[in-house]
Amino acid sequence: MAMRGTARRAESPIATRARSFGWDRAATATLRHSTLPWFESLEATPLQALEEIGIRDRLSLVGQFAAHQAFLQFAGVRDGGFDEKQWAVVRKRSADCRLIRTEGGAPADDPLPVLTPIQQFASAVGAPSLDVLRRSWARADTVYQEIESKLRADVAADLRWLRASACGCISSPGVEGLRLLLAQTTGRFRCADGLCLESLKAAAAGGEQVIVIGDGASPLERYSAIAPLQKLIGAFDGLTERDVVERVLAAVAQTRCLFVLTRADSFDESSRRVVDLLLAADAGVWAGADGAELPETVWFLISPRLDARRGLDSHLAAMPAVSRKEWLEALVQSPALGRYLDDGELPAAANEALSRIREPLRSYIGAVALLGSRAPKTIADRFLERLLSTSRASDLVFEDVSAIEGGDFVFVSEDVHRQAVQSIPAASRPSLYNVAAELLETIEWKSPEETIRTLRRLPPAALSPALRQRLAAALIECGRYVDARQLAPEEPLLARIERRMGDYGPALARLERLNHGDFDSQLLRAELLLLTGRGDEVAAALD
């Protein structure tokens with residue numbers, strides 16, 4: 001992989017400002033992504049002025065652009081298409097280039113297919129060709145996946161910005177929630193999410209005033225909690241609590257105000273009485289008081305498959321809200337991102353029940369986990385025999401970890417199963433993979449998804465030809481044609497993949513080299529003849 005080249009030094013301070021975007025104000029106030037640095041001033045080079053950079057950086061920029069497009073789709077924001085003048089690049093030593101957007105156009109009347117702006121951007125930066133861009137059914141997420149897969153092999157590369165662009169969020173109270181707040185003149189709303197305040201401040205560009213009540217509050221100092229009201233009514237010198245309330249009511253009649261309550265437990269008594277009187281008078285819009293619950297922050301992560309996205313949503317829902325941002329940022333900067341993009345596999349949550357199991361039983365559980373989250377008990381017993389263990393599957397049953405169900409050894413959850421696999425010491429894995437591969441040939445899985453989950457945990461070199469073919473067939477069934485093509489061991493299977501990907505000519509040529517294949521191959525050949533305009537040969541092929 002070529003390293004970074006030279007570029008003309010054209011950096012200058014560039015600030016991305018929401019007002020420069022033709023998007024909904026509620027959207028610009030709540031969108032958070034590495035390509036949208038609303039609150040930063042950065043030394044950057046306009047994309048139009050960017051000259052020679054390395055292949056790795058070009059691919060990283062395309063990946064970040066694809067992630068930006070995927071994020072906008074996730075947020076439901078209609079864009080105006082690719083315009084070179086709206087983009088800039090931040091370059092730092094020892095890190096990949098960071099892509100930032102500095103302007104945004106009004107939504108297009110007739111939105112382009114998602115791949116079109118990505119192809120235009122790739123051409124603008126001179127990026128190498130990508131297989132995924134030749135697939136009309138591809139998504140922005142799959143473009144990112146192919147680029148990340150290409151670049152992750154370069155272990156020396158610092159890809160912090162490519163990886164950072166894989167996640168983002170729509171901060172509380174969300175686009176619809178903020179529109180609701182901005183349309184109100186009075187009302188009370190409850191919001192426990194810390195990002196809600198940032199969204200309100202960012203949105204206060206249309207005549208509203210956002211006043212945070214509670215900053216600097218001290219129960220020992222009179223009016224300390226409501227000190228921010230002074231920018232609305234002037235100094236408190238000599239004012240009684242009723243005087244303060246009357247002046248605020250007069251000001252609210254002239255100016256739309258959004259009041260945000262924080263640190264209520266630190267209020268002094270005078271501040272508390274003023275706030276209670278204002279709430280009773282329905283003065284302005286209040287967030288943080290009792291009232292309608294505002295939506296919490298919604299998190300985005302590049303997800304090439306919808307089932308992986310559903311699993312992520314469940315994982316985040318089970319996690320404390322304050323931990324989600326840190327967890328996602330750690331995920332995208334770790335090798336676990338590649339496993340999530342390829343197979344939808346999330347890092348296993350710590351399971352104390354598994355960690356409490358004594359050795360060597362804990363190691364045996366990890367070894368048996370290579371057979372899948374559910375495996376026939378007889379196969380698990382044979383595996384343990386091959387490891388020269390006197391233990392059997394029934395000895396590995398522990399509460400909150402594993403069980404025997406209908407003749408199968410099963411893990412209580414996919415999360416526990418992943419943790420068991422990840423607990424296997426690196427030095428022990430090669431020999432265990434080889435033993436597991438022999439036994440896996442005898443297992444029949446209930447679905448292609450289960451086949452993929454189990455076999456993808458083994459490195460390709462450990463898979464026998466029979467397992468490679470089963471894995472490739474399962475990947476094809478799930479529409480993962482690019483992954484399947486890397487594994488397919490037989491010409492007919494490769495032809496089937498090429499037909500699904502729209503490469504009709506190569507698929508037909510592959511089948512014709514076989515002369516006489518099985519029934520399915522001959523049927524596929526007839527279909528390809530029809531698709532390539534050789535309809536006069538179809539009847540003979542079917543005969």
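This is a predicted model: local features need pLDDT of at least 70, side-chain atom pairs count only at pLDDT 80 or more; totals for chains, interfaces and linings use all residues.
I take buried as under 20% relative accessible area, exposed as over 50% and partly exposed as in between, with a 1.4 Å probe and protein chains only. Residues are numbered from 1 along each chain as its sequence is written, and side-chain values use heavy atoms, with hydrogens and water left out.

**Salt bridges**

I looked up salt bridges, each a side-chain nitrogen of Lys or Arg within 4 Å of a carboxyl oxygen of Asp or Glu, and the count came to 38. Arg309 and Asp313 meet in one of them at 2.6 Å, N to O, and they lie four residues apart, about one turn, in helix α11 (residues 306-317); helices here are DSSP runs of H or I with at least four residues, and strands are runs of E with at least two, numbered from the N terminus. Asp313 is partly exposed at 36% relative accessibility, whereas Arg309 counts as buried at 13%.

I then turned to helix α4 (residues 140-152), where Lys150 and Glu146 are also four residues apart and form a salt bridge at 4.0 Å, N to O. Lys150 is partly exposed, with a relative accessible area of 38%, and Glu146 is buried, with 14%. I also noted a network of salt bridges that links Asp343, Arg456, Arg480 and Asp483.

**Rings**

I searched the whole structure for aromatic pairs, in which rings of Phe, Tyr and Trp (its six-membered ring) have centres within 6.5 Å, with planes under 30 degrees apart counted as stacked, over 60 as edge-to-face and the rest as tilted, and found 10. Phe65 and Phe82 make an edge-to-face pair, because their ring centres are 5.7 Å apart and their planes stand at 90°. This pair links distant parts of the chain, with Phe65 in helix α2 (residues 55-75) and Phe82, 17 residues away, in the loop between α2 and β4 (87-90).

**An enclosed helix**

Which residues of α15 are buried? I list Leu361, Tyr364, Ile365, Gly366, Ala367 and Val368; with six of its eight residues buried, helix α15 (residues 361-368) is therefore largely enclosed by the rest of the structure. What covers these residues, by contact of heavy atoms within 4.5 Å, includes α14 (352-355), α16 (377-386), β15 (408-411), α17 (414-422) and α18 (429-440).
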